[in-house]
Amino acid sequence: KEIGQIEKIKAHKTGQLHRAVSIFIFNHKKELLLQKRALNKYHSPGLWTNTVCTHPKPGETIEEAAIRRLYEEMGIKDTQIFKIFEFIYKEDLNNGLIEHEYDHVFIGFSDALPIPNPEEVCDFKYINLENILEQVKKYPQDYTVWFKLIINRVISEVQNLTF
């Protein structure tokens, strides 16, 4: 439930709890589409993360925010998404920023080739479920803090789904 508004950067400077959205898009081979955050991002630049992350705009539902940013960041549209869980976390980021988010986690399925926005994304790749955890364990410094917190649960949620 929205109770107020705060600028995104101010929320991250003060560590105030705010809403967030994380989207995980899989293709028919059960490969997860990861993005590498653009090098000019104000936090976590150059790190691998889930397909899309965002914050809802004032008056925007979390579902609307997810669909909007899926297109704005990765050029993917007309994809159905499903909320699988939500959770709250608080973690320190680079540059003295704090991520304190009430994160709504969605999954979706698409074989569309992404068209990343270079202001948001500097690279992307597909990775199969078997290799995700191995890569995160081997190279944790290459992944965003929130991705490392939720990837196990996302994998357990999608493991038995038919693609």
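Is Phe-82 buried or partly exposed? At 38% relative accessibility, Phe-82 counts as partly exposed, where buried stands for under 20% relative accessible area, exposed for over 50%, and partly exposed for what lies in between, with a 1.4 Å probe and protein chains only. The model is predicted, so local features need pLDDT of at least 70 and side-chain atom pairs count only at pLDDT 80 or more, while totals for chains, interfaces and linings use all residues. Residues are numbered from 1 along each chain as its sequence is written, and side-chain values use heavy atoms, with hydrogens and water left out.

**Salt bridges**

- A salt bridge is taken as a side-chain nitrogen of Lys or Arg within 4 Å of a carboxyl oxygen of Asp or Glu, and the count by this rule is eight salt bridges.
- Seven residues are linked in a network of such bridges, namely Lys-41, Glu-60, Arg-68, Arg-69, Glu-72, Glu-73 and Glu-120.
- Arg-68 and Glu-60 are joined in a salt bridge whose closest N and O atoms are 2.8 Å apart, and both of these residues are buried.
- Arg-69 forms a salt bridge with Glu-72 at 2.8 Å, N to O, and both residues lie in helix H2 (residues 62–74), three residues apart, which is about one turn of the helix; helices (H or I, at least four residues) and strands (E, at least two) are DSSP runs, numbered from the N terminus.
- Of these two partners, Arg-69 is buried with a relative accessible area of 13%, whereas Glu-72 is partly exposed, with a value of 29%.
- Arg-69 also forms a salt bridge with Glu-120, the closest N and O atoms being 3.0 Å apart, and this pair links distant parts of the chain, since Glu-120 is in the loop between strand S6 (98–109) and strand S7 (121–128), 51 residues apart from Arg-69 in helix H2.
- Glu-120 is itself buried, at a relative accessible area of 15%.

**Aromatic rings**

- Rings of Phe, Tyr and Trp (its six-membered ring) pair if their centres lie within 6.5 Å, and planes under 30 degrees apart count as stacked, over 60 as edge-to-face and the rest as tilted; the count by this rule is five aromatic pairs.
- The rings of Phe-82 and Phe-109 have centres 6.5 Å apart and planes at 50°, so this pair is tilted, and the pair links distant parts of the chain, with Phe-82 in strand S5 (residues 81–92) and Phe-109 in strand S6, 27 residues apart.
- Phe-109 is partly exposed, with a relative accessible area of 31%.
- The rings of Phe-87 and Tyr-89 have centres 5.3 Å apart and planes at 20°, so this pair is stacked; Phe-87 is buried at 17% relative accessibility, and Tyr-89 is buried at 5%.
- One aromatic cluster is formed by Phe-24, Tyr-143 and Phe-147.

**Charges over rings**

- A charge sits over a ring if NZ of Lys or CZ of Arg is within 6 Å of the ring centre and within 35 degrees of the ring normal.
- The charged end of Lys-125 sits over the ring of Trp-48, 4.4 Å from its centre, and Arg-153 lies over the face of Phe-85, at 4.0 Å from the ring centre.

**A buried loop residue**

- Thr-144 is placed in the loop between helix H3 (129–138) and helix H4 (145–158), and at 0% relative accessibility Thr-144 counts as buried.
- Leaving aside residues up to four places away in sequence, Thr-144 touches Arg-37, Ser-44, Leu-47, Trp-48 and Thr-49, where contact means heavy atoms within 4.5 Å.
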